[in-house]
2 protein chains.
Amino acid sequence: MARTDDRFRLAYQDLLTVIAKAEIGSDLPPELTLAEQLNISRTTVRAVLTAFADIGLIAWEGRKKTILRAPSGQDKLAMRDEYLPRDELERRFLQWVLRFDVPAGTPLNVAKLAKEFSVPPHVLQEFLSGLSQFGLVARRPRGGWLLLGFTAEYAIELSEFRAVLELNAVRVLVALPPGHPIWAQLTALEAQHIDLAARIDRDFHAFSPLDEAFHSAITSVVQNRFVKQFQKVITLIFHYHYQWDKRMERDRNAAAIGEHLAIIHALRSGDEAAAVQAAAAHLRTSKETLLASLRGNALIAPE
Amino acid sequence: MARTDDRFRLAYQDLLTVIAKAEIGSDLPPELTLAEQLNISRTTVRAVLTAFADIGLIAWEGRKKTILRAPSGQDKLAMRDEYLPRDELERRFLQWVLRFDVPAGTPLNVAKLAKEFSVPPHVLQEFLSGLSQFGLVARRPRGGWLLLGFTAEYAIELSEFRAVLELNAVRVLVALPPGHPIWAQLTALEAQHIDLAARIDRDFHAFSPLDEAFHSAITSVVQNRFVKQFQKVITLIFHYHYQWDKRMERDRNAAAIGEHLAIIHALRSGDEAAAVQAAAAHLRTSKETLLASLRGNALIAPE
DNA sequence: TTTTTTGTATAAAAAAATAAAAAACAATAG
DNA sequence: CTATTGTTTTTTATTTTTTTATACAAAAAA
């Protein structure tokens, strides 16, 4: 089979439940109506109707599609084993790359990896092509892929780029008028930070989502598709790493809370230089943490 | 044929010239040596040798590959019509999108476009997948591609992003020590600018490459793979537009030269604020020019 | 006996072929 | 004349096929 008939099978099931709800002897609506209801093309509707006529579920002649009997369990059509959805592939691949010590420079085998992640090869191919934009993998001159890997150098450059984007966001933010919704957002975040700081000994795990919320609030003031796109990778990678590096987690998070509060304070003051300085300090810490986690996970050799 | 045998044909030709230079009756080197010489795998070498044995050019038995006769014109193997190289596709596609009024939201037909640009469909597919990273095209939920197009909004966001990156570069640059090679580079560029300014009435076309050289010199001080990657698109798009918009070209370029010189001057002074200000002014002009060229080309409706 | 070279098998990537689904068009019933 | 169906054409997604690369074992030469 060249192309999966998942759409057909899905439509088959859907229409079966529609018929089950309808009365025996009644007529089905026109093909176009069914197509719109099931969100498929008329071609597929007709294929399903033909199948139903074949098993004697309906009588179909011209524009009369009469239900002959209630569908039984035998009429069901099993879905063929599905592949992984795309975001699950993303998650699993990143986990594989970042988590395990896949050394930089490893050649990737599309066919084998596709099997491993149970996706069709061309899906993996496209995924890799997307990743190559972020410099995590590269196409080899004569076919094949190379895992460039998440090296210390990569982490440094990523952190620096993050700093460029985020400091820009800070500069934009301080200049925003008091009526802008971001200020209310920051006040709410401040309260959450203070709240968490009070119970940090127990709930230091709760910091990770708060960190994400804080940074995405700040960067949200820059409405730029290019910035947003990169923000996605940055969040992804930082987020993944924080999840795994459990050393000193409590102290690290406590310190970060303090830095976040300092940034909020500086932003409120309207002093651009102060705000930039506070943000830069935090980003430096963040970079160090990322690098330390790399060394800790032995992805790179300890010095 | 599933895969092109270009490699085989190329190796065939290469080995033919090797044989033509060698003496009749002499033996060819081992397969591995030939493979290394021709930069192909042994499999392909063997395929070519088999072909040569078939046409009676060599006698091949075991490790003896004796040249029987000099190759004649008939022995040549024509290359099959080649597809476009990848960068030519890039050029042509961008030209098509940016130049002609392909409206935003046009669904793209991979098969048809592939024919039009004379590339295999999967090459175009991959190319589109790359472009989707820059937000010029997007994958439709149920298969197919959508041209998001080079709208005014896109141009604005691109310009802003460019400004973020370039102002960051300027901040890095002013802090560099006097011994850094960038200063010599800037001095050379300054001379070229002054030279061009003197003969701008005639040679205003020469500005485009100089502009590119100037901006890439400034951004080169930031050694960051993410920045570099975006620089590529930015250069591409700005460059394309400048090429076509011929209105006011002389005046525009003369003004830009002045702005460039002002930036160099401010950079030399070591005053960060002044340098940023000069660069920001130039980037604003640049953005306006890009937007004006969009309106001029009627890609978007004039206000 | 060791090294070099070849023969064979296996694997992988790219392009063509092909089936499914969508869209367009024409015909027909109401 | 409009709404719906029948039919054909396009288009996309996946599999199959073919070419190429690599790995391993066997044989020849040093």
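**An edge-stranded sheet and its salt bridges**

In chain B, strand E3 and strand E5 (residues 145-147) run antiparallel and are joined by three bridges; strands (E, at least two residues) and helices (H or I, at least four) are DSSP runs numbered from the N terminus, and two strands pair if DSSP finds at least two bridges between them. This is a predicted model, where local features need pLDDT of at least 70, side-chain atom pairs count only at pLDDT 80 or more, and totals for chains, interfaces and linings use all residues. Residues are numbered from 1 along each chain as its sequence is written, chains are lettered from A in the order written, and side-chain values use heavy atoms, without hydrogens or water.

Within that pairing, Leu108(B) sits opposite Trp145(B) of E5(B). The open sheet of chain B has three strands, ordered E3-E5-E4, with antiparallel pairing. E3 (106-108) and E4 (137-139) of chain B are the edge strands with a single partner each, so one side of each has no neighbour in the sheet.

Turning to charges, the count over all chains is 32 salt bridges, taken as a side-chain nitrogen of Lys or Arg within 4 Å of a carboxyl oxygen of Asp or Glu. Asp201(A) and Arg250(A) make one, with their closest N and O atoms 2.4 Å apart. This pair ties helix H9 (residues 200-203) to helix H12 (residues 249-269) of chain A, 49 residues apart. Asp201(A) is exposed at 56% relative accessibility, while Arg250(A) is partly exposed at 29% (buried is under 20%, exposed over 50%, partly exposed in between; 1.4 Å probe, protein chains only).
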